[in-house]
Amino acid sequence: MEYSEKVMEHFAKPHNVGKLEDADGIGEVGNAKCGDIMKMYIKVNDGIITDVKFNTYGCASAIATSSMATDMIKGKPVSEALKLTNKAVVEALDGLPAVKIHCSVLAEEAIKAAVKDYYDKNGIAYDPALFKEDCCHYDHHHAE
Amino acid sequence: MMQVYADNAATTKLSETALKAMMPYLTDTYGNASSLYRIGQEAHHGVQAARAAVASALGADTNEIYFTSGGSEADNWAIKGVAELMAKKGKKHIITSAFEHHAVLHTVKKLEEQGFRITYLPVYENGIVKAEDVKNAICDDTALVTIMYANNEIGTIQPVSEIGAVCREKGVLFHTDAVQAVGHVAINVKAQNIDLMSMSAHKFHGPKGIGALYCKKGIRLPNLIEGGAQERGRRAGTEAVYAMAGMAAALTEATDALTQNTAKLTALRNRLIDGLLQIESSRLNGDRNSRLPGNVNISFEGVEGESLLLYLDMKGVSASSGSACTSGSLDPSHVLLAIGLPHEVAHGSLRLSLCESNTREEIDYIISCVPEIIERLRSMSPLWEKIQKERGNL
């Protein structure tokens with residue numbers, strides 16, 4: 001197993017680490033038992049994600065994907081952030097080892113969870129199909 | 001930047017003495033040890049001298065040592081061999097422990113599929129098997145007891161002499177995977193009633209690709225490889241004399257220096273343990289005293305081990321972890337789970353394994369590097385935030 005230089009770059013000096021005290025939406029995914037939790041905070045103005053921060057407990061690829069994914073949605077319309085796929089994050093990082101792909105899935109889900117929280121808090125109507133709970137996307141999330 | 005190698009349980013640096021012992025067989029003495037002419041016979045003498053040296057270091061007879069490619073092969077051979085031997089007598093029960101190396105666990109799993117019954121003994125919170133549990137688990141059809149000498153992750157040393165005595169009394173064969181112990185603790189196979197024992201040279205500054213199985217005289221272990229008279233006909237193949245010579249030299253060197261190495265290492269280990277336990281919400285995994293002199297295994301709550309060891313690598317420190325992410329599987333180390341650690345604590349483990357060439361300066365360097373890395377990881381960890389909230393610290 002080997003990480004790309006890009007992954008190591010984002011792991012060594014992750015971007016957007018921290019919390020937003022006045023966040024408009026917060027999303028948390030993953031669990032401690034599996035060894036990774038991602039929590040993302042977004043600030044939204046006129047439908048644009050003006051700021052984003054993350055806190056992540058997990059391996060190097062979990063931290064690197066959080067860093068990259070937050071970079072990719074910063075300054076973007078919410079609607080566009082929702083379209084961010086784990087595949088796009090993996091590509092932006094010049095690939096991830098096969099056993100680490102689930103980290104990128106977590107990053108995608110964390111963003112979606114933050115947006116959903118923003119929609120819910122602000123009474124914005126949305127299509128629930130956008131946020132299907134896909135609990136089995138990686139099979140090591142043991143039932144607890 | 002200081003470079004500190006602290007992963008000696010994974011592998012060790014080849015000793016200069018071992019390299020020196022190997023060189024003649026890689027250069028001038030290239031003969032086949034089975035050949036009758038001079039350079040063949042010189043190679044043959046090399047094989048015999050190496051076998052005698054390994055035997056002598058362990059209290060075994062020379063012809064009880066069989067060279068193998070390493071520890072995993074020796075484990076496989078011993079367990080499958082005894083199973084085959086005993087199945088003929090209708091004995092199809094094997095006793096082992098929950099935290100053996102996978103070379104043992106996967107082998108007994110295979111035998112389970114073939115109809116063997118396996119008992120996995122508990123290792124308790126301190127990571128030590130009880131000889132009494134072994135005694136109670138032995139049945140009329142027990143073919144083998146296989147318990148490791150010292151654990152590869154948490155370094156706990158098992159009561160091998162007591163287990164050996166129990167097995168001898170009950171007339172059951174006893175195998176021990178001593179890959180982490182040979183060269184690091186005093187072993188005498190006769191005095192300790194060990195019937196079979198696996199070892200690997202690269203764990204004690206010998207070369208990789210060579211190990212041995214000690215098999216007590218009288219145990220008619222089935223052949224591993226057919227096709228030649230090497231290793232008393234049980235494991236055919238032209239001998240890698242250079243590797244055997246390297247293993248023998250390294251083991252002799254380690255055994256000769258055992259007392260002083262143990263004293264030095266124990267002091268370094270305790271300094272490292274005490275230094276790291278200063279960090280909040282940390283715990284030592286495995287018994288503190290019945291422990292390999294170079295093994296440190298500590299869990300830090302709220303952090304994940306792979307991130308920790310990669311940040312340590314950036315500081316020049318080589319270590320390992322039992323987190324899922326480093327095990328290449330999705331669960332954390334089976335060893336840490338076996339001693340009762342919750343998954344999330346097992347994910348945050350760090351193993352530092354020292355050798356006698358580590359210095360006090362290196363230990364202090366590690367002690368100075370770890371806290372800031374833990375601090376950094378915890379400052380971005382939602383798990384740590386949760387733990388702090390639960391404890392009323394936030």
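These notebook entries record what I looked up in a predicted model with chains A and B.

**Entry 1. Confidence in chain A**

I began with the confidence values of chain A. The mean pLDDT of this chain is 91, and 92% of its residues reach 70 or more. I then noted residues 135-144 of chain A, where the pLDDT is below 50. Beyond near neighbours in sequence, this stretch has 18 contacts in the model. Where pLDDT is low, the predicted coordinates should not be read in detail. I therefore take the contacts of this stretch no further.

**Entry 2. The sheet of chain A**

I next traced the sheet of chain A. Three strands make up this open sheet, in the order β1-β2-β3, and their pairing is antiparallel. Which strands stand at the edges? They are β1 (25-31) and β3 (48-57) of chain A; each has a single partner strand, so one side of each is left without a neighbour in the sheet. From one strand to the next, the twist averages 15°.

I looked at the pairing of β1(A) with strand β2 (residues 36-45) of chain A. The two run antiparallel and are joined by seven bridges. For A:Gly30, I found the bridge partner in β2(A) to be A:Ile37.

**Entry 3. Helices against the sheet of chain A**

I then asked which helices meet this sheet. Helix α2 (residues 60-73) of chain A lies across β2 and β3 of chain A, and runs at about 175° to β3(A). Chain B also supplies a helix: α14 (residues 382-390) of chain B packs on the sheet and touches β1, β2 and β3 of chain A. The direction of α14 of chain B makes about 95° with that of β2(A).

**Entry 4. The sheet of chain B**

I turned to chain B and followed its open sheet of seven strands. Their order is β2-β8-β7-β6-β5-β3-β4 (chain B), with mixed pairing. The edge strands, each pairing on one side only, are β2 (65-68) and β4 (117-121) of chain B. The twist here averages 20° from one strand to the next.

Within this sheet I examined strand β5 (residues 142-146) and strand β6 (residues 173-177) of chain B. They pair in the parallel sense over three bridges. B:Val145 has B:Phe174 as its bridge partner in β6(B). Helix α4 (residues 102-113) of chain B packs on the sheet, where it touches β3 (93-97), β4, β5 and β6 of chain B. The direction of helix α4 of chain B makes about 150° with that of β4(B).

**Entry 5. The largest pocket**

I looked up the largest pocket and recorded a volume of about 690 Å³. Its lining has 34 residues, and those nearest its centre are B:His101, B:His102, B:Asn152, B:Glu153 and B:Arg351. How many residues of each class does the lining hold? I noted eight nonpolar, 20 polar and six charged residues.

I also checked which elements contribute. At least two lining residues come from each of α3 (71-87), α10 (324-327) and β12 (349-353) of chain B. The most come from α3(B), which gives three.

**Entry 6. Cavities**

Finally, I searched the whole structure for cavities of 30 Å³ or more and found four. The largest cavity has a volume of about 130 Å³. Of its 13 lining residues, B:Gln180, B:His184, B:Leu292, B:Gly294 and B:Leu354 are the closest to its centre. By class, I recorded five nonpolar, seven polar and one charged in the lining of the largest cavity.

How values were computed
Residues are numbered from 1 along each chain as its sequence is written. Chains are lettered from A and ligands numbered from 1 in the order in which they are written. This is a predicted model: local features need pLDDT of at least 70, side-chain atom pairs count only at pLDDT 80 or more; totals for chains, interfaces and linings use all residues. Side-chain values use heavy atoms; hydrogens and water are left out. Two strands pair if DSSP finds at least two bridges between them. Helices (H or I, at least four residues) and strands (E, at least two) are DSSP runs, numbered from the N terminus. Axes are lines fitted to C-alpha atoms, for helices over the stretch in contact, and angles run from 0 to 180 degrees between N-to-C directions. Contact means heavy atoms within 4.5 Å. On a 1 Å grid over the protein atoms alone, a cavity is a set of points where a 1.4 Å probe fits but cannot get out, and a pocket is an open set with protein on both sides within 12 Å along at least five of seven lines; lining residues have an atom within 4 Å of a point. Grid points are joined across faces, edges and corners, and a volume is the space filled by probe spheres set on the points. Ala, Val, Leu, Ile, Met, Phe, Trp, Tyr, Cys and Pro count as nonpolar, Asp, Glu, Lys and Arg as charged, and the others, Gly among them, as polar. pLDDT is the predictor's confidence in each residue, from 0 to 100.
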